[in-house]
Amino acid sequence: MILFYSTFFSKPVDIGSIPYDGPGGFTLDKRRIAEATAVVFHIPNYREIGDAFKYPGQYWIGWTMESRQNYKRFNDPMFMRHFDFTVTHETKSEIWTPYIPIKSWWDEVMAMPIPAKTETAPLALFVSKSKSNHSGRMDLIEGLWEHIPIDSYGRFKRNRTIELPDLGSRSKLAAIGRYRFGFAFENSKEPDYVTEKIYDCFKAGTVPIYLGAPNVAEFAPPGSYINADDFGSARDLADYLKYLIETPQAYEAFFAWRSKPLPDFLAERIRVLETPLFIRLLDFIRQEADNRPSNPAGRPGLPFGRREYLSTRLRKWKKKVPQ
């Protein structure tokens with residue numbers, strides 16, 4: 001049995017959506033922690049973790065989809081040493097969970113027509129948190145703004161709004177599709193940290209301008225995006241975008257990937273992801289448990305210490321969080 005001890009950004013993990021009805025399974029009931037073969041902790045919700053007892057032979061799993069720069073606990077060896085395995089977007093994790101969509105998503109996107117580019121400005125921008133700038137994205141956006149028109153729909157320098165009715169992500173993608181280019185700027189630059197931003201552009205039917213992971217080429221079809229890091233300055237990038245606008249054949253080449261099979265490296269990664277994340281986690285834990293010696297004897301301990309235990313319990317009591 002696998003116990004989800006902490007919430008996922010303050011919401012309980014939806015274990016009811018996990019397609020599994022075999023032996024063992026998943027629970028949110030912290031009172032059953034002694035029964036759990038493995039306990040999963042969402043690292044961004046680290047304040048909920050300090051009161052957990054670890055039982056002999058039990059596996060602790062650290063789970064996050066966030067970058068190390070934005071969540072310092074993920075980058076703290078003293079904190080991460082408490083976990084036996086990790087579930088993250090990093091390829092070195094025991095259970096890898098990237099943002100890459102599954103095959104049916106790619107099939108659907110590749111069958112979609114490219115929307116007409118009806119907007120005067122070539123670029124659509126959706127940015128709400130301008131202070132998150134570990135990647136230098138805000139500096140690059142400011143630099144581009146000096147050389148090329150940008151329509152901003154987010155809180156940062158808003159000069160356009162979504163047409164009503166606003167249907168959330170559906171309206172957002174429809175808006176992006178009317179532009180020749182879309183920003184796919186990560187808030188940090190780390191290997192393997194390739195989020196939904198580039199895939200949103202693919203689905204919208206525009207050309208992503210990507211800034212972020214140095215190994216983004218491992219996560220997207222070749223020739224499908226523009227890597228901002230290939231240019232020496234914002235002006236150089238703006239000049240290239242203007243060239244593409246003036247040269248339709250060169251611009252349209254960025255959509256050629258849609259009429260070809262996905263490259264082998266990407267197809268192989270997608271095959272791995274066809275098995276749902278938590279089923280892969282369950283299979284991994286079952287294999288680890290089968291290969292270990294008989295359960296060691298001993299008493300449960302408090303890995304984070306009694307002081308952290310008391311402060312966590314007090315915090316949960318004040319917030320009326322189930323304990």
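I count a salt bridge when a side-chain nitrogen of Lys or Arg lies within 4 Å of a carboxyl oxygen of Asp or Glu. The model is a predicted one.

Salt bridges. I searched the whole structure and found 16 salt bridges. In one of them, Glu-268 and Arg-271 meet through their side chains at 2.7 Å, N to O. I placed both residues in helix α8 (residues 264–273), 3 residues apart, which is about one turn of the helix. Glu-268 is partly exposed at 40% relative accessibility, and Arg-271 is exposed at 52%. I also noted a network in which salt bridges with shared partners join Glu-119, Asp-151, Arg-160 and Arg-178.

Next I looked up Asp-51, whose side chain forms a salt bridge with that of Lys-316 (3.2 Å, N to O). This pair links distant parts of the chain: Asp-51 is in the loop between β3 and β4, Lys-316 is in helix α10 (residues 305–319), and they are 265 residues apart. Are they buried or exposed? Asp-51 has 3% relative accessibility and counts as buried; Lys-316, at 5%, counts as buried.

Sheet. I read the strand order as β2-β1-β3-β4-β5-β6, an open sheet of 6 strands with parallel pairing. β2 (26–27) and β6 (95–96) are at the edges with a single partner strand each, so one side of each has no neighbour in the sheet. β1 (residues 2–4) pairs in the parallel sense with β3 (residues 38–42) over 3 bridges, and Ile-2 stands opposite Ala-38 in β3. Helix α9 (residues 277–291) lies across β1, β2, β3, β4, β5 and β6, at about 150 degrees to β4.

Methods. Residues are numbered from 1 along each chain as its sequence is written. This is a predicted model: local features need pLDDT of at least 70, side-chain atom pairs count only at pLDDT 80 or more; totals for chains, interfaces and linings use all residues. Side-chain values use heavy atoms; hydrogens and water are left out. Two strands pair if DSSP finds at least two bridges between them. Helices (H or I, at least four residues) and strands (E, at least two) are DSSP runs, numbered from the N terminus. Contact means heavy atoms within 4.5 Å. Axes are lines fitted to C-alpha atoms, for helices over the stretch in contact, and angles run from 0 to 180 degrees between N-to-C directions. Buried means under 20% relative accessible area, exposed over 50%, partly exposed in between (1.4 Å probe, protein chains only).
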